[in-house]
Every structure is written in structure tokens, then in C-alpha cells.
Amino acid sequence: MSTIVKGRRIGLNGDRAVAYAVKQADVDVISAYPITPQTIIVEALAEYVNNGELNAAFIPVESEHTALSAAVGASLAGARVFTATASQGLALMYEILWIAAGLRTTIVMALGNRAFSPNINIHCSHDDAYAARDTGWIQFFAENVQEAYDLTLQAFRISEDKRVLFPSIVNLDGFILTHSLEGLYVLDDKDVKDFLPPKDPVNPIDPESPKTYGPLDLYDWYIEHKRQQAEHFNNTLPIIEEVFNEYYELAGRKYTPVKTYGMEDAEVAIVVLGSSAGSVRYVAKRLRRRGRKVGVVSLTLFRPLPVEEIIEVLSSVKVVAVMDRSYSFGSPGAPLFLDINAALSNAKERPLLFNVIYGLGGRDLTPDHILAIYDRAEDIARSGEVKERQIWVGVRG
Amino acid sequence: MIEVRWHGRGGQGVVTSSELLAQAALKEGKYVYHAPEFGPERRGAPVRAFTRIDDEEIEQHFGIYEPDIVVVIDPTLQSETSYILQGLKKGGVLVLNAKKPHKLLVEEAKEINAEIWYVDAYSIAMEIFGRPFYNTPMLGALVKARELVKLESIFEAVKDRFAARGEEIVENNIKAIKQAYSEVKKYEY
């Protein structure tokens with residue numbers, strides 16, 4: 001990330017940084033369920049609306065299912081819409097996630113990643129992000145508070161681009177980012193306005209010209225419509241990159257779908273999402289100083305998965321450790337592991353891969369855990385053999 | 001990089017102190033990470049908060065296990081020696097809200113060559129606020145023990161934080177911080 005910057009530097013936690021971005025995005029409608037597992041994001045937005053700093057309709061609803069349903073209606077009516085949730089809240093939205101994407105709304109949602117129950121936990125896992133992975137939402141992962149702010153602004157611009165028209169989720173790790181304070185650069189309101197002009201809706205709801213959204217669609221056309229949605233969704237990558245570049249021009253911070261460290265000559269790569277990326281990089285730098293050829297790959301963009309970039313950076317290494325902060329019962333691997341495997345499945349060269357389950361329910365990912373992952377990878381590189389496809393780190397015996 | 005761990009109880013402003021330190025360091029152009037520890041939120045339950053300060057970008061998001069400095073805001077936590085000293089680096093710094101350091105704590109801190117600084121922040125708070133708001137004065141004590149940031153930067157952070165609650169609150173906090181700064185003493189073993 002470049003450090004040439006525009007704007008001023010302030011200290012905010014992840015929740016307030018997202019809320020600040022949403023305020024600057026000048027949203028029209030915020031629809032949210034305000035109680036646990038909700039984060040402070042919507043509380044901060046309610047304050048902005050109440051103070052008159054943000055001219056938006058704040059709709060406090062009785063459930064996340066309704067929060068997203070109201071957001072869908074508002075977005076189709078032409079509004080710029082924001083919502084936020086976490087864990088069980090996302091689960092309760094599940095049915096509407098598909099509808100929001102399939103009806104081509106441009107909702108932006110912040111997801112303060114938290115573990116699914118049971119047991120009641122509220123700390124970080126990526127269960128909720130993974131639950132949304134197949135639904136047709138663009139998904140970003142923030143590594144720190146600055147990224148949570150920047151990605152929220154970029155998400156609006158990307159979702160509302162007429163070549164995109166898909167809703168976006170900005171993932172930020174529960175507590176680790178949502179409740180922790182870091183310094184970040186925030187743009188001037190004017191710069192945000194230039195970057196993010198008012199939404200120009202496509203086919204909005206219009207009482208003068210009634211139309212139907214999401215009607216009955218049987219075997220005569222349903223599959224064509226899904227195919228069309230799939231093509232449009234998969235074609236969003238270059239537009240996302242285009243917006244990343246424009247944001248770079250504006251803010252001086254460069255986003256890329258895949259972020260790499262040390263991959264030029266790496267023999268071992270660790271793939272990771274969210275706030276753990278920096279921790280893994282921190283340890284990788286120590287290992288590099290001792291001559292270990294280790295690299296780190298973190299995905300800023302999780303959906304659509306940047307397959308070509310993944311092949312490019314990973315296909316020539318010997319061993320890849322894919323870290324998942326979630327578990328998929330009965331599957332040979334957790335979601336990111338499956339994704340990386342699938343992305344590499346037809347590559348000419350293929351590394352050996354193993355899956356690391358870590359950090360469930362907020363269990364801290366310590367330098368020791370990261371070293372243990374590296375040691376395992378180094379053993380596999382030496383022996384050429386993966387004895388265990390999946391390992392858990394940071395679990396008491 | 002400097003890592004600070006704050007100890008206190010729910011409702012005492014442990015998180016506020018850690019955040020004020022982070023905000024003060026930010027004002028000096030430093031990089032910071034401030035993380036409250038969240039468990040069940042109960043008034044009176046032991047609470048911790050963590051602050052990282054560095055001249056370079058802080059990438060890591062794991063917890064702080066070997067702090068350079070431990071600040072104990074609550075005067076009744078002193079006797080929980082293993083809880084307070086856990087992981088404190090050899091030669092580290094302990095800043096206490098105490099009329100005098102607990103004997104047992106002194107003995108154990110000596111084993112790791114920790115420097116002990118102590119101030120009766122309770123009395124300062126009662127004198128200035130008439131209520132036990134002893135979290136902000138502990139910032140003055142900390143800055144005297146180790147000048148992580150300038151006192152002036154702490155005052156700026158205090159102004160930002162409390163301005164909306166009136167001039168008097170701001171002034172009283174600054175006064176309390178100054179007083180703790182001048183009254184804090186280094187314990188001689």
C-alpha cells in the first residue's frame with residue numbers, strides 16, 4: 001500500500017471508519033437491525049442522521065431478514081443503500097442475499113465477521129462471509145481499519161457502476177478490526193463526492209411505469225437468466241480493478257484483488273484473508289531475514305475470486321498453506337482451500353497444498369501458530385509429501 | 001515498538017485511557033493499535049486494554065503477550081500479582097494507582113527487574129472531580145515513567161474526547177493528569 005496520501009489522518013475503530021465512509025458516500029437509506037450481533041457501525045450512522053450530518057432515512061427493523069428486504073426495495077427504487085450485520089444476522093438474511101444479487105441491487109453491506117452459534121461467541125470467524133460466498137455478492141476483505149474505510153467507498157462505486165450492478169460486502173474482522181482503533185487517512189468530503197457521484201439507477205421502481213422484479217421464471221428461462229447473471233458477475237473483475245486504479249489516483253492508496261509479499265522467489269506461500277494477513281506478513285518478514293523463502297498472499301477480493309492472479313502467483317511455488325477461519329463439516333477443505341485448489345486445478349504447474357483451520361471464535365493467531373504453519377509447509381517442501389491435508393492451529397490438546 | 005497493557009475494572013475507563021494514549025501518539029505522527037479486550041461486559045469485572053505504538057506501520061493484529069509497560073488503573077487489583085505481571089518484559093515498567101505498592105507485587109516485580117512507579121490517583125481524582133475518575137490521571141503517571149508521547153499530546157487527545165462535555169471536564173482532566181505527572185514516584189527497591 002502506498003503512503004502518498006490525500007486527506008487527513010485520524011484515529012478511528014473499524015466500526016466508526018466504515019460509518020464515516022458511509023456518511024461521506026451520502027447514502028439515502030440505511031436499513032439495519034440495531035441489536036446484537038450488530039456492530040457499532042449502525043449506531044454511529046444513527047448518530048449522524050440524528051445530528052443532521054447525514055440526510056438519510058434510517059430504518060430500524062425487527063430482524064436482519066427485514067433489514068435486507070427493505071434495503072432491496074430501497075435500492076430498486078433508486079436509493080444508495082447501506083446495511084451492516086454479522087454472524088447470525090447474516091444467516092437470517094440468507095434468503096434475501098440471493099434476491100438482492102439476482103435483482104441486481106447495489107446495496108453495500110459491512111460484515112463485522114463473527115462466529116456462528118453454537119456456542120454463543122460474537123468473536124471473529126469467517127463463517128458469515130463464507131455463508132454468502134455463493135449468493136452473487138461481490139466480497140472484499142479489509143486487512144486493517146484504513147482498508148475498511150477505503151473499501152467501503154470503493155464498494156459503492158463498484159456496485160453502482162452500470163457494467164456491474166451487484167451488491168457488495170465489505171468484510172472486517174469482528175473485534176480485531178471493528179472494535180480496535182488505528183490511524184487512517186480520510187478523504188475530504190469533496191473528493192468523495194467527485195469519486196462517487198449520486199447514484200444513477202437502472203430501471204428503478206416507477207409508479208408511472210409499473211414493472212415486475214423477480215417474477216415467476218420456470219425451466220423455460222430460469223437457467224438462461226442464471227447464466228446471464230453468472231457471466232455478468234464474472235466479468236466484473238476488470239471494472240473492479242478500474243475503480244481500484246481511479247481510487248489510487250484520488251487517494252494514493254493502491255488496491256489490488258490479490259496482495260502479495262515475497263512471492264517473487266517464494267517456495268512456500270501462505271494464503272490468508274482479513275486482519276491475519278498483516279500478522280502472517282510480520283512473521284514472514286522475520287523468516288525472510290533468516291533466509292527462508294516464504295511469501296504471503298492475501299485476497300482483498302474474495303468474490304469474484306481473482307482466479308488468473310491466483311494462478312499467476314501460486315502455481316510455481318512448492319507448497320501452499322491455505323488458512324481458513326471457518327470449518328466446513330464433512331468437506332475435504334474449508335472454503336478458501338477449496339477455492340484455491342479449484343483455481344489451480346488446471347494450471348500447468350501445481351504446488352502441494354494443505355489447509356489450516358485457525359482462529360475460530362476469536363482465538364488469537366499468534367506468531368507461534370504462524371511459525372508452526374510455516375514449519376509444516378517447509379517439511380512438506382522437503383519431503384514432497386502431504387501427510388495431513390488439513391491441520392488445526394492454536395487448539396489446546 | 002512499545003506495547004502497553006492496561007488493567008482495571010469495567011466502568012473505570014480502562015479502554016478510554018488506552019484510546020487516549022493511542023490518539024495522543026497519532027497526533028505525533030506515530031502508528032498505533034488500540035484494542036480493548038472484550039468479555040461479558042459487566043461493571044466491576046476485570047478489564048484489559050492494549051496499546052501498540054510504533055514509528056513504522058503496525059501490521060500485526062495478534063494480542064500483546066509481552067508488554068513493555070503495564071498500567072494498573074484499579075487500586076484493588078494490585079494483589080493479583082500474577083495477573084498483572086503476566087508476560088511483562090524483564091526490566092519492564094509497572095505503573096500503579098496506589099498509595100504504596102503492595103509488598104508481594106514489589107517482591108515479584110523485583111525478580112524481573114521491573115521498574116515500579118506509583119501514584120495515589122484515587123486521591124487526586126477525589127480531590128479534583130469529587131468522584132473516582134482515576135483513569136485519566138494514570139496517563140500523566142505513565143508519561144512521567146516513560147515519555148511515550150508528550151504531555152501536550154495527551155491534553156490534545158483529552159480535549160478532542162471531552163470537549164462536547166464542557167470546558168470544566170476538559171480542564172479538570174488536564175489538571176488531574178498534570179498532578180499525577182508531578183506526584184508519581186519511582187519505587188526504590
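## Two parallel strands in chain A

In this predicted model, strand E13 (residues 319–324) of chain A runs parallel to strand E14 (residues 352–357) of chain A. Six bridges join the two strands. One facing pair shows how they line up: A:Val322 stands opposite A:Asn355 in E14(A). In a regular strand the side chains alternate between the two faces of the sheet.

Two helices pack on the sheet that holds these strands. Helix H11 (residues 307–314) of chain A touches E9, strand E10 (268–272), strand E11 (294–299) and E13 of chain A. The direction of H11 makes about 15° with that of E9(A). Helix H12 (residues 335–344) of chain A touches E10, E13 and E14 of chain A. The direction of H12 makes about 145° with that of E13(A).

## The whole sheet

E13(A) and E14(A) belong to an open sheet of six strands. Follow the strands across and the order is E9-E11-E10-E13-E14-E15 (chain A). The pairing is mixed.

Which strands form the edges? They are strand E9 (258–261) and strand E15 (390–392) of chain A. Each of these pairs on one side only. From one strand to the next, the twist averages 20°.

## Two domains in chain A

Chain A is divided into domain 1 (8–251) and domain 2 (258–392). The C-alpha centres of the two domains lie 28 Å apart. Where they touch, domain 1 of chain A brings 27 residues and domain 2 of chain A brings 20 residues.

Look at the domain 1 side of this contact. The elements that give two or more residues are helix H5 (127–131), strand E6 (138–141), strand E7 (168–173), helix H8 (222–234) and helix H9 (237–251) of chain A. E6(A) gives the most, with four residues. By class, this side of domain 1 of chain A has 13 nonpolar, ten polar and four charged residues.

## A buried threonine

Now pick out a single residue. A:Thr152 sits in helix H6 (residues 145–160) of chain A. Is A:Thr152 buried or exposed? A:Thr152 counts as buried, because 28 C-beta neighbours lie inside 10 Å. The cut-off for a buried residue is 20 or more.

Which residues does A:Thr152 touch, leaving aside its neighbours within four places in sequence? The contacts are A:Val18, A:Ala21, A:Val22, A:Val108, A:Ala110 and A:Val170. The chain also brings A:Ala17 to this part of the model: A:Thr152 and A:Ala17 are 135 residues apart in sequence and 9.2 Å apart in space, C-alpha to C-alpha.

## A strand that pairs within and between chains

Strand E8 (residues 181–186) of chain A is mostly covered. Five of its six residues are buried. Within chain A, E8(A) pairs with strand E1 (residues 8–13) of chain A. This pairing is antiparallel and has six bridges. Here A:Leu12 stands opposite A:Glu182 in E8(A).

E8(A) also pairs with a strand of chain B. The partner is strand E2 (residues 31–36) of chain B. This pairing, too, is antiparallel, over two bridges. A:Glu182 stands opposite B:Tyr33 in E2(B). So A:Glu182 faces A:Leu12 in one pairing and B:Tyr33 in the other, as strand pairing is defined by DSSP bridges.

## Where the chains touch

The contact between the chains takes 16 residues from chain B and 19 residues from chain A. On the chain B side, helix H1 (14–27) and E2 each supply at least two residues. The largest share, six residues, comes from E2(B). The side of chain B that touches chain A divides into nine nonpolar, five polar and two charged residues.

## Chain B as a whole

Chain B has seven helices and seven strands. Along the sequence, they follow the pattern β-α-β-β-β-α-β-α-β-α-α-α-α-β. Among contacts in chain B between residues at least 6 apart in sequence, 64% join residues at least 24 apart.

How does the size of chain B fit that of a compact globule? With 189 residues, such a globule would have a radius of gyration near 16 Å, and the 15 Å of chain B agrees. The C-alpha atoms of chain B fill a box of roughly 45 × 40 × 35 Å, taken along the principal axes. Buried residues make up 49% of the 189 residues in chain B.

Notes. Residues numbered from 1 in each chain as written. Chains lettered and ligands numbered in written order. Predicted model: local features only at pLDDT ≥ 70, side-chain atom pairs only at ≥ 80, totals over all residues. Buried ≥ 20, exposed ≤ 12 C-beta atoms within 10 Å, placed from the backbone. Contact = placed C-beta atoms within 7 Å. Nonpolar A, V, L, I, M, F, W, Y, C, P; charged D, E, K, R; others polar. Rg over C-alpha atoms; globule rule 2.2 N^0.38 Å. Axes fitted to C-alpha atoms, helices over the stretch in contact; angles between N-to-C directions. Domains from an automatic or database assignment.
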